[in-house]
Amino acid sequence: MVKQAFIVVGLGYGDEGKGTITDYLTRKFQAHTIIRFNGGAQAAHHVVTNEGLTHCFAQFGSGSLVAGVKTYLSSYMVVDPLSLIVENKVLEEKGITDALARLYIDANALVTTPFHKIINQMQEMSRGDNRHGSCGKGVGQTILDSHYLKDKALFIKDLQDKQTTYQKLKFLWQIKLDLAEQLVSEQKDNSGLLIYLEKLKQPFYIEQLTEAYIDFINKINLADEKELEEFFVSDGTIILEGAQGVLLDFERGFWPHVTKSRTTFANAEKLLKSTSYQGNVKKIGLLRAYNSRHGAGPFITEDLELTQKLPDYHNGNNPWQSVFRVGWFDLVAAKYACQVAENIDFLAIT
């Protein structure tokens with residue numbers, strides 16, 4: 001059996017069809033594992049099967065509708081345990097009853113808590129008409145914590161110990177509560193911010209979260225470098241599934257309308273280099289035949305008439321990203337994305 005790996009990266013602002021391509025490659029090459037290497041619960045990768053089954057993948061790999069395919073959430077992934085449980089229940093209702101059994105999470109992956117999500121949404125709300133275009137899922141806040149808090153940030157491995165989980169959650173809660181109070185004091189007339197502050201002050205919040213996280217860690221497969229090595233040593237096909245798009249990359253996107261993680265091939269290549277993988281590696285860059293952007297930020301070829309003519313059934317308006325915008329294909333942006341991504345083997349146009 002051929003040993004090969006495909007790395008899938010979007011070359012736009014997201015929504016290029018990464019879920020569709022990952023599902024296609026999984027079926028065509030009978031992939032055994034999908035590895036997520038950036039982002040968090042904001043992926044929203046839609047897959048529609050020939051049988052009409054539809055799922056919006058947030059954290060599970062987009063090949064999970066295929067029996068036996070495993071998902072590995074790497075150390076570059078930001079994990080939201082509560083959202084994962086909700087997504088698993090949705091999959092169960094669709095007949096996919098073993099998704100958690102096929103899920104492996106790196107012990108060093110960061111944990112996104114409700115505290116991160118609340119502050120994320122409060123900050124966007126406080127920006128008014130100058131929003132950054134966040135999905136409101138707390139991913140950026142979680143990554144920022146890792147930069148400033150270092151080992152005091154909350155990691156998946158911490159959930160194995162109840163006391164550690166409680167202490168770290170309490171520490172995070174105190175920090176976010178202080179930040180929330182600052183935001184409210186700066187905009188005292190913003191009633192929306194006050195509602196979020198009161199939500200953050202809920203009694204027993206930390207105790208309830210601790211219990212939920214302890215329950216969660218007992219339901220998933222905790223993994224480390226050894227399990228990652230085993231996946232790469234195995235014969236067959238692996239797909240490394242990226243999230244968002246290159247034009248949103250933290251280092252190479254257009255500030256401040258960027259995500260806090262790397263959306264190029266960089267993280268995937270680091271994962272490959274951390275193992276003894278000797279198989280063929282192919283880098284796939286995705287583009288739409290027209291441009292799209294969900295939320296705020298520069299969009300040179302945006303066309304309101306085109307937006308009306310090309311509705312996206314999987315990307316409606318929402319309180320955080322706001323409207324889904326459509327424009328003409330942008331060769332300059334596409335060329336820049338290809339240069340940033342570097343050494344792409346294939347282009348997939350959806």
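Trainee: What makes helix 3 (residues 114-126) largely enclosed by the rest of the structure?

Mentor: Buried means under 20% relative accessible area, exposed means over 50%, and partly exposed lies in between, using a 1.4 Å probe and protein chains only. By that rule 11 of the 13 residues of helix 3 are buried, so the helix is largely enclosed. Among the buried residues are Phe115, Ile118, Ile119, Met122 and Met125. This is a predicted model, where local features need pLDDT of at least 70 and side-chain atom pairs count only at pLDDT 80 or more, while totals for chains, interfaces and linings use all residues. Residues are numbered from 1 along each chain as its sequence is written, and side-chain values use heavy atoms, with hydrogens and water left out.

Trainee: What covers the buried residues of helix 3?

Mentor: The cover includes helix 2 (81-93), strand 8 (110-111), helix 4 (139-149), helix 5 (162-186), helix 6 (191-200) and helix 7 (205-217). Contact here means heavy atoms within 4.5 Å. The elements themselves are DSSP runs, numbered from the N terminus: helices are H or I of at least four residues, and strands are E of at least two.

Trainee: How do you know that the length of helix 3 agrees with its number of residues?

Mentor: The expected span is 1.5 Å times one less than the number of residues. For the 13 residues of helix 3 that gives 18 Å, and the end C-alpha atoms are 18 Å apart, so the two agree.

Trainee: Why is a group of residues called a nonpolar core?

Mentor: The name goes to a set of buried Ala, Val, Leu, Ile, Met, Phe, Trp, Tyr and Cys residues joined through side-chain atoms within 4.5 Å. The largest such set has 47 residues, and Ile105, Phe115, Met122 and Ile156 have the most contacts inside it. Helix 2, strand 7 (103-106), strand 8, helix 3, helix 5, helix 6 and helix 7 each give two or more residues to this core. Helix 5 gives the most, with 7 residues. Another core, of 29 residues, lies apart from that one and includes Ile7, Ile35, Tyr277 and Ala341.

Trainee: Which residues is Ile156 in contact with, leaving aside neighbours within four places in sequence?

Mentor: Among the contacts of Ile156 are Val79, Ile105, Val111, Phe216 and Leu222.

Trainee: What makes strand 9 and strand 14 stand at the edges of the sheet?

Mentor: Two strands pair if DSSP finds at least two bridges between them. The open sheet of 8 strands has the order 9-7-5-2-10-1-11-14, with parallel pairing. Strand 9 (221-223) and strand 14 (346-349) each have a single partner strand, so one side of each is left without a neighbour in the sheet.

Trainee: How do you know that strand 2 (residues 33-36) pairs with strand 5 and with strand 10?

Mentor: Strand 2 has 4 bridges to strand 5 (residues 70-73) and 4 bridges to strand 10, and pairing asks for at least two. Ile34 stands opposite Thr71 in strand 5, and its bridge partner in strand 10 is Ile239. On the strand itself, Thr33 and Ile35 point one way and Ile34 and Arg36 the other, and all are buried. Strand 10 (residues 237-241) is also joined to strand 1 (residues 4-10), by 5 bridges, and there Phe6 has Ile239 as its bridge partner.

Trainee: In which sense do strand 3 (residues 45-48) and strand 4 (residues 54-57) pair?

Mentor: They pair in the antiparallel sense over 4 bridges, with His46 opposite Cys56. The two strands form a hairpin with 5 residues between them, and Gly52 in the turn has a positive phi of about 95 degrees.

Trainee: How many disulfides does the rule give?

Mentor: A disulfide is a pair of cysteine sulfur atoms within 2.5 Å, and by this rule the count comes to 0.

Trainee: Why is Gln244 called buried?

Mentor: Its relative accessible area is 11%, so Gln244 counts as buried. Gln244 lies in the loop between strand 10 and helix 9, and has a positive phi of about 55 degrees although it is not a glycine. That loop also holds Pro256, which a cis peptide bond joins to Trp255, with omega about 5 degrees.
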